[in-house]
Amino acid sequence: MNMNEIQEKLRCLGLYTGAIDDTFGPLTKNATGKFQTEFSGLYTGKIDGIPGPLTQAALTKAFAAAAVHKSTGAQLSEHFNENEFVCHDGSGLVAVDPRLVLKLELLREALGSKPITVTSGYRTPAYNATLPGAARDSQHTVGKAADVVVPGYTPAQVAAKAAQVGFDGIGVYQGFTHCDTRGYSARWNG
Ligand SMILES: [Zn+2]
């Protein structure tokens with residue numbers, strides 16, 4: 001992985017805001033350090049901001065998890081395992097956008113480190129179609145959404161924090177909050 005590819009992946013995650021210039025500078029170092037911190041499930045090295053082989057391997061794994069695959073129970077970040085996002089149809093299939101993992105970690109921090117329960121993560125399109133009221137092009141079918149419950153917080157309170165940490169789509173439902181990383185802002189009440 002060259003520096004351009006590293007910068008592009010970090011930018012995709014929203015951690016790097018500089019130019020794709022193939023140059024390791026302070027912005028790249030800062031973004032790398034944040035990645036190493038937030039994806040500590042995948043990255044086991046030192047938090048040093050240096051995108052060495054361990055960091056590159058973790059970046060590769062984080063992005064590979066976004067494609068639909070059988071869950072291997074991989075720990076994606078400190079607090080989230082891909083098993084938590086597996087489709088509820090019994091297939092064992094899962095897809096998890098790395099931005100979703102990152103935002104969930106930030107949301108957890110913003111909510112005072114209360115554990116977040118993912119009640120629905122990835123859904124195969126076929127399974128999603130069986131759910132009453134689910135949008136056909138639901139972000140769940142592309143691994144970019146999580147319905148979450150946090151003890152001690154109402155769905156509306158979770159939604160307010162989700163907005164602060166930069167989730168794109170946020171829906172407030174009776175017993176949970178839908179959070180997604182669709183790439184543009186959307187707000188609704190379910
Ligand atoms: Zn949802």
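Which residue in E6 is the bridge partner of Asp147? In this predicted model, the partner is His178.

Five strands make up an open sheet with mixed pairing, and their order is E3-E4-E6-E5-E7. The edges are taken by E3 and by strand E7 (186-189), each of which has a single partner strand, so one side of each is left without a neighbour in the sheet. On average, neighbouring strands here are turned by 25 degrees against each other, direction ignored.

Strand E4 spans residues 145-149 and is mostly covered, with 4 of its 5 residues buried. Asp147 of E4 is a handy reference point: Ser120 stands opposite Asp147, and Asp147 also has His178 as its bridge partner in E6.

| Strand pair | Bridges | Direction |
|---|---|---|
| E3 and E4 | 3 bridges | antiparallel |
| E4 and E6 (177-180) | 4 bridges | antiparallel |
| E5 (169-172) and E7 | 4 bridges | parallel |

**Two domains**

How is the protein chain divided? Domain 1 covers 3-64 and domain 2 covers 70-189. Their contact takes 9 residues from domain 1 and 9 residues from domain 2. On the side of domain 1 that touches domain 2, the residues divide into 5 nonpolar, 3 polar and 1 charged. As for spacing, the C-alpha centres of domain 1 and domain 2 lie 23 Å apart.

Lys34 and Asn83 are 49 residues apart along the chain, and their C-alpha atoms are separated by 24 Å. Lys34 lies in helix H2. Is Lys34 buried, partly exposed or exposed? Lys34 counts as partly exposed because it has 18 C-beta neighbours inside 10 Å, while a buried residue would need 20 or more.

**Positive phi in two loops**

Asp22 has a phi near 60 degrees, a positive value in a residue other than glycine. Where does Asp22 lie? Asp22 sits in the loop between helix H1 (3-12) and helix H2 (26-38). Asp22 counts as exposed because it has 12 C-beta neighbours inside 10 Å, and the cut-off for exposed is 12 or fewer.

Ser113 also has a positive phi, of about 60 degrees, although it is not a glycine. The loop that holds Ser113 runs between helix H4 (98-110) and strand E3 (117-120). Why does Ser113 count as exposed? Ser113 has 9 C-beta neighbours inside 10 Å, so it falls in the exposed class.

Definitions and conventions. Residues numbered from 1 in each chain as written. Predicted model: local features only at pLDDT ≥ 70, side-chain atom pairs only at ≥ 80, totals over all residues. Pairing = 2+ DSSP bridges. Domains from an automatic or database assignment. Contact = placed C-beta atoms within 7 Å. Nonpolar A, V, L, I, M, F, W, Y, C, P; charged D, E, K, R; others polar. Axes fitted to C-alpha atoms, helices over the stretch in contact; angles between N-to-C directions.
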